[in-house]
Amino acid sequence: MKKNLKIVTIGGGSSYTPELIEGFIKRKDELPIKELWLVDIEAGREKLEIVGALAKRMVKAAGLDWEINLTLDRRKALKDADFVSTQFRVGLLDARIKDERIPLSHGIIGQETNGAGGMFKAFRTIPVILDIVEEMKELCPKAWLVNFTNPSGMVTEAVMRYGHWDKVVGLCNVPIMCSKIAAGALKEKEEDLFFRFGGLNHFHWHRVWNKIGEEKTKDVIEVAYTSPERLAKALEEIKRPLNPNNNVDEGVEEKAGVQNIPNIGFLPDQVRNLGIIPCMYHRYYYITDDMLKEQLEAFEKGETRAEVVKRTEAELFELYKDPNLSIKPPQLAKRGGAYYSDAACELITSIYNDKRSHMVVSTKNNGAISDLPNDVVVEVSSIITSNGPVPLSWGSFDVSSRGLLQHMKDMELTTIKAAVTGDYSTALQAFTINPLVPSGKIAQTILDEMLVAHKEYLPQFEERIKFLESKSN
């Protein structure tokens, strides 16, 4: 087993990085880290320097002698790396604002991983991740790639399908939040429950059993998923502060972890009929009208989630500048996405130590979900070994979920193909089959407008964008 690990984070100037550093510090006795490399681009230089300085203070305060390296030279960082994590955003938060506001200006859902916004994030991100993979093949061919760049499932699929790199695992914090909600609903310790997840990133369902083998799925649905008030009460039952040393009010992180998704109640009869527990993002598909109404109200006020996050992030970086700060600040919980980085650290630890941790990850199906091909990426409960994730069998879905799952997977595959090829008609097809985008001329109008708006980050669509711009002149 190799000592003196080199771990690289691409997107090192992210506001999430302090959580990543905290996660590694917590596992200092399990990971023999020698070097941590934080990588960013020129536009992120200032944030990288601010976060990097905080990371160095955190490591020093923990009494560790790890080397913290900050660089804009990705190739230098990747050389001989053992693990590479990715948490970057092509186009930064301004691109996310466009992803959300342009669809909403046409009266349809705007969201950074679902619908039109999520597809454009994939269009911008997938070519970059494939470039990173090519560099890894040359510079660190034995490294594992740990991806929590959204849309995580599609990015992971692209790495395997088009990058031909199987040593990749996709991560998301939503299953973690779902597990905590279930524990709160049942008033049980999370470790006393057994969970099984199946589906796609931001499109999974789960079941839960107690420690004597009784399935409690229906109880969780009844207690936490039939009204906003019941969900809020379940969250109140969670008693896990951000950090025992931070004196944070109990439950703060858990509430913050679902800030990306408004707490609007599912239709009780519909969710009961499912018989399995939906994730928070299913609201976009099960109660689309309510979610759209909430987003349009925020849009009119200039308070889309992207705009709120941009303000929150600016406040965070002001905190990070404090030379006396040497811990992850509790205000990071307001950013959303709690547990992403800590999950990445646990995944790395489990692979390195062959811990056989039970985690929910995006990985190759390999028969776990019998309704989907073996070679596609799914998000499922898995055992994390030194050879990567071993997915647990989910089996087949009921007809109430199966068709939508297959439809969404095909939409993902079509989106990924468009991102790789830059083929306009394939992109239009992806828009047409996405259930959150109305088909026909409105789909084409939004697609064209977003192509031009994001042209700086879409070189694969250059020819079509030039055509669209010539038409408008």
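This is a predicted model: local features need pLDDT of at least 70, side-chain atom pairs count only at pLDDT 80 or more; totals for chains, interfaces and linings use all residues.
**Entry 1**

For W205 I looked up the bridge partner in β9, which is P278.

**Entry 1: rings at F203**

I next turned to the aromatic pairs, of which the count comes to 13. In one of them, F203 with W205, the ring centres are 5.2 Å apart and the planes stand at 75 degrees, so I wrote this pair down as edge-to-face. The cut-off for edge-to-face is over 60 degrees between the planes, which is why 75 degrees qualifies. F203 also pairs with Y285, again edge-to-face, at 5.0 Å centre to centre and with 90 degrees between the planes. Since F203 lies in strand β8 (residues 203-210) and Y285 in helix α12 (residues 283-286), this pair ties together parts that are 82 residues apart in sequence.

Which residues do the ring pairs link into a cluster with F203? I listed W205, Y285, W394 and F397 alongside F203. I checked accessibility for three of these residues: F203 counts as buried at 1% relative accessibility, W205 counts as buried at 0%, and Y285 is buried with a relative accessible area of 14%. Buried means under 20%, so the 14% of Y285 falls on the buried side of the cut-off.

**Entry 2: charges over rings**

I looked for charged side chains placed over aromatic faces and noted two cases. K6 lies over the face of W37, at 4.7 Å from the ring centre, while R464 lies over the face of Y424, at 3.6 Å from the ring centre.

**Entry 3: β1 and β2**

I then followed strand β1 (residues 5-10), which pairs with β2 in the parallel sense over six bridges. Within this pairing, I7 has L36 of β2 as its bridge partner. Is strand β2 (residues 33-39) enclosed or open? I found that six of its seven residues are buried, so β2 is largely enclosed by the rest of the structure.

**Entry 4: helix α16 and T414**

My last entry concerns α16, a helix of 23 residues that reaches 33 Å from its first C-alpha to its last, close to the 33 Å expected at 1.5 Å a residue. The buried residues of α16 include S401, L405, M408, M411, T415 and A419. I followed T414 separately, a residue found in this helix (residues 399-421). T414 has a relative accessible area of 17%, and because buried means under 20%, I recorded T414 as buried. Leaving aside residues up to four places away in sequence, T414 touches T426, Q429, A430 and I433. Finally, I noted that α16 is followed by G422, whose phi is positive, near 70 degrees.

Conventions: Residues are numbered from 1 along each chain as its sequence is written. Side-chain values use heavy atoms; hydrogens and water are left out. Helices (H or I, at least four residues) and strands (E, at least two) are DSSP runs, numbered from the N terminus. Buried means under 20% relative accessible area, exposed over 50%, partly exposed in between (1.4 Å probe, protein chains only). Contact means heavy atoms within 4.5 Å. Rings of Phe, Tyr and Trp (its six-membered ring) pair if their centres lie within 6.5 Å; planes under 30 degrees apart count as stacked, over 60 as edge-to-face and the rest as tilted. A charge sits over a ring if NZ of Lys or CZ of Arg is within 6 Å of the ring centre and within 35 degrees of the ring normal. The expected span of a helix is 1.5 Å times one less than its number of residues. Two strands pair if DSSP finds at least two bridges between them.
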